[in-house]
Amino acid sequence: MLGLARGLLSGAIVSGTPLLYATLAELISERAGIVNLGLEGVMLVGAVVGFVTCVATGSATLAVAAAALAGALFNMIFAFLVISRRANPLATGLALMFCGVGLSALLGAPYVGSQISGLPEIPVPVLTDLPLVGPALFAHDALVYLAAPVATLLWWVLFFTRWGLSLRAVGENPVAAFAAGRSPHRLQYQALVVAGILGGLAGAHLSVGVAKAWAEWMTAGRGFIAVALVIFSKWHPLRAIAGALLFGGAISLQLQMQALGVPISAFLLDMLPYVLSLVVLAVWGGARRHAAPASLGRVFRGTE
Amino acid sequence: MPLTLIRTAWTLPSVLLALMVVLVAGSAAEAQGLKVGILHIGSMADGGYNQAHAEGIQAMKRNLPGVEVIEVENVPEGADAERVMENMAKQGAKLIVAASFGYLEPALRVAAKYPDVKFFHPGGYKRAPNLTTYWASTPEAFYLMGMAAGRATKTNKLGYVVALPISFFLANINAFELGARAVNPKAETRVVFTGTFLDPAKEATAANALLDQGVDVLGVIVDSPITVVQTAEKRNAYSIGYHSLGAQKFAPKGWIGGIAFTWGNLYTRFARQVADGAFKSENILGGLADDYLTLAPFGAAVPADAVALVNAKKQEFIAGTTQVFAGPLKDNRGMERVKAGAAFPLTDLGKMDWLVEGVIGQSR
Amino acid sequence: MTAPPESATLGIAWRARLTSIATPAGLALVMFAGVLLAFGKNPIKAYVDIFGSTLGSAYGFSETLVKMTPLVLTAVAVAIPAKIWLINVGGEGQLYIGAIFATWGALTFGHLPAWLLLPLMVALGFLGGGLWGLVAGLLRARGWVSETISTLLMNYVAILSLNYVVFGPWKDPEGVNYPQTAEFAPSAILPVLGQSRVHLGLALGLLAVGLFAFFASRTRWGLEMRAIGGNADAARRNGLPVGRYVIGLMFIGGGLAGLAGMCEVSAIQGRLRPSLSPGYGYTGFLISWMASGHPLGILGAAFLLAVVTAGGDILQMTQAIPGSVVNILMAVILFVILGRRPGER
């Protein structure tokens, strides 16, 4: 039983970390009023660039940095089309996803089967020896440790800085924000740069941290799960932490159950996160709708 | 219509037409020598299943320099596989290796349309006049690995990360547990199914889940053994490889052994058969004695006396004096599956949908 | 880009529409060539291979039609709800559920003759996909969940449901425990055209497009849909049953995607297995969007994308380029179109 709890916690954290970064990426994008269905593509680009960099240089740090940069640059395609060319965000997002899938496959093809040592685990001295929670919480890699702090930082920036306030204003009502002297397009670009960085980190953790391998389309839909997670957490970074843990836990739960020999259908368990999201949305529909940035999905036709 | 419009409207199609004519003409004057096509379900560099087939084809090419190879990776099963095989046949391939279990139906359909092209399918259970199925029966090898694992383990808990509960895989696991039990009556094997042939993140999670349960020997049956072997090595557990001999380098400390498919000579024989017109459809089921099933060298973790024991057993299997699935055998739900004195035949593995006593996991 | 005025001649309108697709397509081809060059591959040979293999032979052309069939259906599945600005990204899930329902029919009634079984399967496929879309429509009509999100989430539930049935209750008893259903009886397979794999589904797709065009432009319902699409609140105030349209159109759209699933499982696969759709639902969304929901445009765009995706196989065989590279070409075509049409809603 203790083994299960420990394994579950550890599994939730490890599986939840890429989800959390991805959710934060989508969250900041949507707070600025832009839905990005192409997050999957951004994550894949981050994953492949991170992995290839690690193979080429042997440095996990460089890999992560390269992945973040690549994610930001890739997301700029999306940003340019949606913000400056006022393209339909949903179609652009899906196109971005396809592009990411193809581009990452092309880039990664020569590297399938390459081996890396990847992100090293950094056990925290003393704390790792804590009974039960020690190894589960304190023997992970750097990106895992940084995940919750990044979420907290994002929360603080969104709600306690002028930039964050302006960004949220743009997401709620870009015309009013524009009238108040903010520059919606510039803020949206900045938000999408951050989103790209976070998306790239999500992908990098998957390839360099968790799997230490590259396979085509290895994100397996996590980019779309992130879109669901953003709603599930009511566009709030701190709640996103809980959501990511929950969903990450669900992913690893069914594998843990099997290891324990518990007879439970893997697929029914896999379905749980999505069904849960839908139920939560449907039941608390009204309140949640008002939690969404009001101008989410609409295109600001500014006078720039 | 204005002249310019006609000119521009007709230029592009004319160029394309010209190019196509050149292409067709070029392909008509094709090289002599056998054309072989092979399609892979995944990447040829996966260090596992697909790489083993790819290396087999490379070896065949080395042995038969006049042979031309058309190789395609990442072909999804179903309609796409059918289209790729038809394209290969149209390009003049006379021998096609459909290297994935799920290619059987598409291969049978294309085989019916092109009776003069010979098809080879690994692991298939249906044949055609121009389609041969082949596989190396692995349970005996898994039994031997089980023996080695049973001796090396310190916690008596062994683990397997497996893609899907397909009968052949279940048979392998059963053989493994039986082998482990033979040298270590307390050994138990836990199985986790990832649900897919390739998903490194899931494989890593599954491997960790097993290790969290106290497992200290990890085996793997997915397309690429690298992730699981690496995860085991990272957490100081022992590992057993599969598919490709190359997996050993990922686990310098914890390597116990491995089972690899070395198709090179078999594929060379296939090519010679087809080139000489001596093809006949058959179901080839090899085993330890054949050259396409190879055991990797044992690692330092296996003590010398265990190696001797394993080798002795191997000779018994080859000589036929011992059966892997000799009864009495009960499944892990308590039902008797093989009576005392009887043995589950290796040719019937397609029907084995249960897990033997001592294996913790579900077959459905 | 605004549409040309009504008084313009048909010729000019057609030419304008053609250039609005052809020029971005041409630009995209150039950009994709650049990507290929950057990776050391030969773009000319790549294009010759793609177009040669898909258009240069009867077989190739038939395969393009085969690939086009589900795309037409999933595109109309998006276009119909889009008439009232409903965003249906659930084509994938609706396709899967349609396939599951049709499979149930094939497995349970396999003994029936084809002329009974096939229409039954068509009906089941439509029903399955339709119900899946209906749920999203209901959630939207009640004001609880945006259909974009609900259809997206339901895609995953649908895919996992398929896994559940092929791994569990419907697993082929003869199939060595492999995750797939038993093979369908011959009476459950859609008839094909001659030696090719072009099947009845293509006719269904064309029928769907035709009916869509007819209903949208020549019936009272089409008029009401346009009114709702123009200004939903005004339409509601004038007594139009907006909620009913939301639910109804999501049902019909989902049903068409479900039909695509039925066709794939019956004509192409012959049984139900996990690898059912390589994203037809999402591609359908893109097609509908590219064509601005216009019926003829859908046919053209579906054909174009069928050529592109079918061409991917050839690239692998002749140039050792991973097949998914065509996704880049598809994306680039879209980017160029997206970039040249500012001001879409």
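# Reading chains C and B

Chain C exposes about 13200 Å², and carbon and sulfur atoms supply 68% of that area. This is a predicted model.

User: What makes chain C agree with a compact globule?

Analyst: Start from its 345 residues: a compact globule of that length would have a radius of gyration near 20 Å. Chain C has 21 Å, so the value agrees with the rule. Along its principal axes, the C-alpha trace spans about 60 × 60 × 35 Å.

User: Which secondary structure does chain C have?

Analyst: Helices: chain C has 13 of them and zero strands. From the N terminus on, its elements run α-α-α-α-α-α-α-α-α-α-α-α-α.

User: How many of the residues of chain C and chain B count as buried?

Analyst: In chain C it is 58% of the 345 residues, and in chain B it is 59% of the 364 residues. A residue is called buried because its relative accessible area is under 20%.

User: What share of the contacts in chain C joins residues 24 or more positions apart?

Analyst: Among contacts with a separation of 6 or more, such pairs account for 75% in chain C. For chain B, 66% of the contacts between residues at least 6 apart join residues at least 24 apart. A pair counts as a contact when heavy atoms lie within 4.5 Å.

User: How many residues of chain C are in contact with chain A?

Analyst: There are 45 residues of chain C in contact with 43 residues of chain A. Interface size is often given as the accessible area lost when the parts come together. Between chain C and chain A that buried area is about 3900 Å², and carbon and sulfur atoms give 81% of it.

User: Which three residues supply 17% of the area that chain C buries against chain A?

Analyst: They are C:Leu153, C:Tyr156 and C:Phe335, which supply more than any other three residues.

Definitions and conventions: Residues are numbered from 1 along each chain as its sequence is written. Chains are lettered from A and ligands numbered from 1 in the order in which they are written. This is a predicted model: local features need pLDDT of at least 70, side-chain atom pairs count only at pLDDT 80 or more; totals for chains, interfaces and linings use all residues. Side-chain values use heavy atoms; hydrogens and water are left out. Helices (H or I, at least four residues) and strands (E, at least two) are DSSP runs, numbered from the N terminus. The radius of gyration is taken over C-alpha atoms; the globule rule is 2.2 Å times the number of residues to the power 0.38. Buried means under 20% relative accessible area, exposed over 50%, partly exposed in between (1.4 Å probe, protein chains only). Accessible areas come from the Shrake-Rupley method with a 1.4 Å probe; for residues, only the protein chains shown count as cover. Buried area is the accessible area (1.4 Å probe) that two parts lose on being put together, summed over both.
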